[in-house]
Amino acid sequence: MSGPRSRPRALITGASAGIGAAYAERLARDGYDVVLVARRRDRLEALAERLHREAGAHAEVLAADLTDPGALAQVEARAAGDESLALLVNNAGFGGYGPFVQVDPEVVDGLIDIHIRAVARLTRAALPGMVRRRAGGVINVASLLAVSGPVPPDPLPHRATYAGAKAFMLTFTQALAGELTGTGVRVQVVLPGLVATEFHTVLGMDLSARPRMTAADVVTASLAAFARGEVTCVPALEDASLLERLAEVQRSVLKAATTPTLAGRYRSG
Ligand SMILES: NC(=O)c1ccc[n+]([C@@H]2O[C@H](COP(=O)([O-])OP(=O)(O)OC[C@H]3O[C@@H](n4cnc5c(N)ncnc54)[C@H](OP(=O)(O)O)[C@@H]3O)[C@@H](O)[C@H]2O)c1
């Protein structure tokens, strides 16, 4: 039995595990139909069947490797052509950690493809319809490592490409939010810390002894923040005023863009 046609639809990437699966479960329970995207079709089909049975959601499976341009194009077409699309969740990702000079160049490509190209292209595909309908939103799941640039590796991982790609998601979403003001469409970037999913297992790391947030709590924070219109959501950050202070510092540094004179420390003699 499929849900009533009036149900809004959410397209979630990386829905076969972890945070993406948690978004799918929560959104299905909240009354959404869902389009589930990831590579592992068997897992998506099992989840779709369960969401249908337990939440009455119509759950569609779209098996796709988002690093493959042809597969990405199919997901773009699905997002662009869906008049009921109310939410796009760009969540698929992987860590690819390692010292940059040793990391496989194909892993570098994959990190850029999934966290940058797929996010930008799917958002580009979904937004025109949402803007036309004056409704909807995009949630991009980045990472707190997006703001980790000045921190050396150890104990944080070697992460130059991953953190750089997640920083793209942060700046991309924040800048886009400015463009979309007044359109009725919202965008949000989520910066989780350590979360108990398969993310580190895929990397061969065992962090089960470390304190980790649940994927469900990440989703709870994200959707609460989304309802409040918060563009940047850090699920574990108690003092949210730090985000405004960070933005204030960025605005101050940015003022140099319109200053024609060389800073004193660079003037010779
Ligand atoms: N766990 C953490 O501590 C943590 C912290 C901060 C941010 N994040 C971010 O949260 C997001 C979700 O990660 P997670 O923690 O839930 O990890 P996860 O349990 O490993 O899930 C990752 C998901 O991404 C999908 N995926 C990976 N490569 C893909 C590809 N080439 N094409 C399509 N789908 C692909 C996987 O599905 P298939 O393998 O079936 O394709 C899976 O559904 C990621 O963007 C990650 O960077 C995680």
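Colleague: What should I know before I start?

Modeller: Residues are numbered from 1 along each chain as its sequence is written. The model is predicted, and local features need pLDDT of at least 70, side-chain atom pairs count only at pLDDT 80 or more, while totals for chains, interfaces and linings use all residues.

Colleague: How do I describe two packed helices, and at what angle do α3 and α4 pack?

Modeller: Two packed helices are described by the angle between their axes and the distance between the axes. Here helix α3 (residues 69–80) and α4 pack at about 20°, with axes 8 Å apart. Angles under 35 degrees count as roughly parallel, so α3 and α4 are roughly parallel to each other. Helices are DSSP runs of H or I, at least four residues, numbered from the N terminus.

Colleague: Which residues of α3 and α4 meet?

Modeller: Contact means C-beta atoms, placed from the backbone, within 7 Å. Leu72, Val75, Glu76, Ala79 and Ala80 in α3 meet residues of α4 including Leu122 and Ala125.

Colleague: Is Leu111 buried or exposed?

Modeller: A residue is buried if 20 or more other C-beta atoms lie within 10 Å of its own, exposed if 12 or fewer, and partly exposed in between. Leu111, in helix α4, has 25 other C-beta atoms within 10 Å, so Leu111 is buried. Leaving aside neighbours within four places in sequence, Leu111 is in contact with Gly96, Thr161, Tyr162 and Ala165.

Methods. Axes are lines fitted to C-alpha atoms, for helices over the stretch in contact, and angles run from 0 to 180 degrees between N-to-C directions. Angles under 35 degrees count as roughly parallel, over 145 as roughly antiparallel, 65 to 115 as roughly perpendicular and the rest as oblique. Two residues are in contact if their C-beta atoms, placed from the backbone, lie within 7 Å.
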